[in-house]
Every structure is written in C-alpha cells, then in structure tokens.
Amino acid sequence: MSDFVEPENNPKEMRHGYTTGACAAAAAKAAVMMLATQIRVNESTIWLPAGFFHTFTIIDGEFTADMAQCATIKDAGDDPDATHKARIVAMAGWTDGSGIELDGGVGVGRVTKPGLPIPVGEAAINPVPRRMIRKEVQEVLEEYGIDRGVKVVISVPGGEEIAKKTLNGRLGIVGGISILGTRGTVVPFSTSAYKASIIQAMQVARASGCTQVVLTTGGSSEKYAMKLNPELSEEAFIQMGDFVGFSLQHAKRLGMRTVSLVGMIGKFSKVAQGVMMVHSKSAAVDFGFLAKAAAETGASPELQEAILECNTATQAADLVTEAGLPGFFDKLCEYACRHCLEHIGGGVTVEVVLVTMKGEILGREQRSG
C-alpha cells in the first residue's frame, strides 16, 4: 500500500482528475464483476500507476448471463480536457476461447497511420491503459476462480465528435478519441501531457516519411504555415506551443533534416533573444535587444529610443514597419536560427519565418549547422 494521500479539496489548489485509461479500467473491472457475480456494481476501486487506489462511481449497470455493461463519467478535474464529463463505457462478455480480448467500440478511434505505440488497425487504447484494463480484469477472474475467456469492449458515446477538438485526425486516429494516460491522473494544465503530444506527432511524421517538420505556436500560425508549405503532408505540421527548445531537440533526435518555425513577433522575438521556452511567464520581451537589432538594420537613434519605450513586441514591429526597415525582421529570423542551432548543437537545417497576424511574411531566414 502506498503512502500517497489524495489531496484534500482546497480552493487554492487546482483539482486533479482521472484519465480516460483509468476510467476505462474501472468500468471494465465493474463490468466483469457483474458478469461474474450477476450482481449490480455501483463502485469500482482500482490501483493507479500514480501510486494510490481510487474509487470510481459506476452508472448504467446492466447484465445478463453472458454480457454485462456499465459506465463511469470522466472527471478531468480543473484541466480543460476535451473528454471532461464523457461517458466511458465498458462491455464484457464471455468467449469460447481463453484469455482476455480487448477492443474499442463506438467513439474510440482506430489507428490508421504508423508511428504510434499501437499497431495500425487496432483500437486507439494506449499501452498503459491496456495493461491497467487487463490487470483489473485478470484480478476479478482470479478472485472468483473463473477460467473462461472474456472480451472487453471500451466505448465512448459521442467520442467521434469529441475527437474533432483534438489532433487525432492529424495522427491518423479516426472514428473517435484515444484512451490515454500513463499515471491514471490528470494534472491541470500539464506540460508533460503537451510535451507527450508533441513527441507523438513527431513520431507519426517520421513514420509517414517526413524529413522536414514545421513547428508553430498555435492554430493561426499553423494555418499560415500550411499555406507557405503546400508541398508538405499534413503530418509535417506540429503545434509546439511554447516548447521551442524541446520540440527542436526531438525533431533532431527523430532524424528530421529540416525544421521550420513559423510564428509571430510576440513569441519569436524571444526566440531571437535565445529564449527556448516562450510562455509569457517564462521570459519577457527584451526591448533593448529589439532596439539593438533595429540599429543593426539602420534604425535612427529616435526609432531605437521609441522601441525601448514600447510595451509589446507587436508595438515595436509596427514602429519598424512604419519606418520602412524590412531588414529588421530578417535580422530577427537570423538571430532565431542561430540560437536554435546552438540549442541543439547543430546537425539540422533551421528555417524561421516571421508572419503578421494576417499571415503576411515579415521576415525569413534559413541556416544550417
């Protein structure tokens, strides 16, 4: 038994939730228990990889001699998770064979592209949730001395619609959501979850034959990046968010020859400064640096002084544009390329493209190292 104690409800703390994988394991355990005992189950307690037991409320339980089905409601805590409040359904039935069969039903996606931890053609139930489900089901069979084959099918009503809010389509997961989770718990605004999605997207890109990836900070910059690179496949475009350095490192690790970064002045002015984590709380815009870059491209002392007094990088960009110094933006892209190459120790070609809020190119530079 772990010493872990679940956090008490504290309004000052963000409330943790539970993954779709944990919900699926709890529902699967309850369904097999009902199948084995022919008694309705209202709660299901499972061991989470995070190191503690958690009890899930079970709803919609029904059973016959050969089949049982129930559900639990996904609680993502205070995380803005697309699957929050989704019904995770498990159906269990006896088979003529032996062992535990596991599949996905309605609302659970199917893998159609290589590069993911699940083979093409199988339900998008990730490895850790698979192990959790099998462990809980096996323990029920052993507890009741049952030596029969059982099949468990996990479904998520409305999962296909929920999946439209995710990047599953880009990853080649069609027809629904993925059953995910490595610890069983959801940490609000988890950076580890976002980083994992970046790596997964890169693995799919590599498996799809991509030798170039295009990293963007969000949906708008990605839309512009796609227009700039119509020859590239959908898999090549990856939303890195604020994790510039992390994404560059994994692009190199996975053998990408060219890495393009497409974004706007707010975040990319920080990359030009050498900042590889561009969240607003991680680093401020250095207006002294921007004034220096402007000076290098012919800015007057008055313009340099005006840049030093700016409140945002966008404001500085507007002043430079009005002054007619287009070379300033190319200079920022040059600095950004250099810092990116330094961060990963070279070995790839880095391209940086700076765009406006409307998708117009401000500056562009490419360097190899």
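# Helices, strands and sheet

Reader: Which residues of helix 11 do L303, A306 and I307 in helix 10 meet?
Author: Helices (DSSP runs of H or I, at least four residues) and strands (runs of E, at least two) are numbered from the N terminus. A contact is a pair of heavy atoms within 4.5 Å. By that rule, L303, A306 and I307 in helix 10 meet these residues in helix 11: A316, L319, V320 and A323.

Reader: What kind of model is this, and how are its residues numbered?
Author: This is a predicted model, in which local features need pLDDT of at least 70 and side-chain atom pairs count only at pLDDT 80 or more, while totals for chains, interfaces and linings use all residues. Side-chain values use heavy atoms, with hydrogens and water left out, and residues are numbered along each chain as its sequence is written, from 1.

Reader: By class, how many nonpolar, polar and charged residues does the contact of helix 10 with helix 11 have?
Author: Ala, Val, Leu, Ile, Met, Phe, Trp, Tyr, Cys and Pro are classed as nonpolar, Asp, Glu, Lys and Arg as charged, and the others, including Gly, as polar. The contact of helix 10 with helix 11 then has no polar residues, no charged residues and seven nonpolar ones.

Reader: How are helix 10 and helix 11 oriented to each other?
Author: Axes are lines fitted to C-alpha atoms, for helices over the stretch in contact, and angles between N-to-C directions run from 0 to 180 degrees. Helix 10 (residues 301–308) and helix 11 (residues 313–323) have axes 9 Å apart and an angle of about 160°. Angles under 35 degrees are roughly parallel, over 145 roughly antiparallel, 65 to 115 roughly perpendicular, and the rest oblique. Helix 10 and helix 11 are therefore roughly antiparallel.

Reader: Which term describes helix 7 and helix 12?
Author: The axes of helix 7 (residues 244–253) and helix 12 (residues 327–344) come within 9 Å and cross at roughly 60°. The two helices are therefore oblique.

Reader: In what order do the five strands form the open sheet?
Author: Strands count as paired if DSSP finds at least two bridges between them. The pairing in this sheet is mixed, and the order of the strands is 4-5-6-10-7.

Reader: Which residue of strand 10 stands opposite L102?
Author: Strand 7 and strand 10 (residues 149–155) run parallel and are joined by five bridges. Opposite L102 stands V152.

Reader: At what angle does helix 2 run to strand 7?
Author: Helix 1 (residues 20–37) packs on the sheet, touching strand 4, strand 5 (67–73), strand 6 (87–95) and strand 10. Helix 2 (residues 127–143) lies across strand 6, strand 7 and strand 10, and its angle to strand 7 is about 140°.

Reader: Which residues make up the covered face of strand 2?
Author: In a regular strand, side chains alternate between the two faces of the sheet. In strand 2 (residues 43–48), E43, T45 and W47 form the uncovered face. The covered face consists of S44, I46 and L48.

Reader: Which residue is the bridge partner of L48 in strand 3?
Author: Strand 2 and strand 3 form a hairpin with three residues between them, and G51 in the turn has a positive phi of about 110°. Six bridges join strand 2 to strand 3 (residues 52–57), which run antiparallel. The bridge partner of L48 is F52.

Reader: Is T185 buried or exposed?
Author: T185 lies in strand 13 (residues 185–186). Leaving out residues up to four places away in sequence, T185 touches G17, Y18, T19, L48, A50 and F52. Buried means under 20% relative accessible area, exposed over 50%, and partly exposed in between, with a 1.4 Å probe and protein chains only. The relative accessibility of T185 is 16%, so T185 counts as buried.

Reader: What distance separates the C-alpha atoms of E351 and V262?
Author: E351 is in strand 17 (residues 349–355) and counts as buried at 8% relative accessibility. V262 is 89 residues from E351 along the chain, and their C-alpha atoms are separated by 8.4 Å.

Reader: What share of the residues of the chain count as buried?
Author: The chain has twelve helices and 18 strands. Of its 369 residues, the share counted as buried is 51%.
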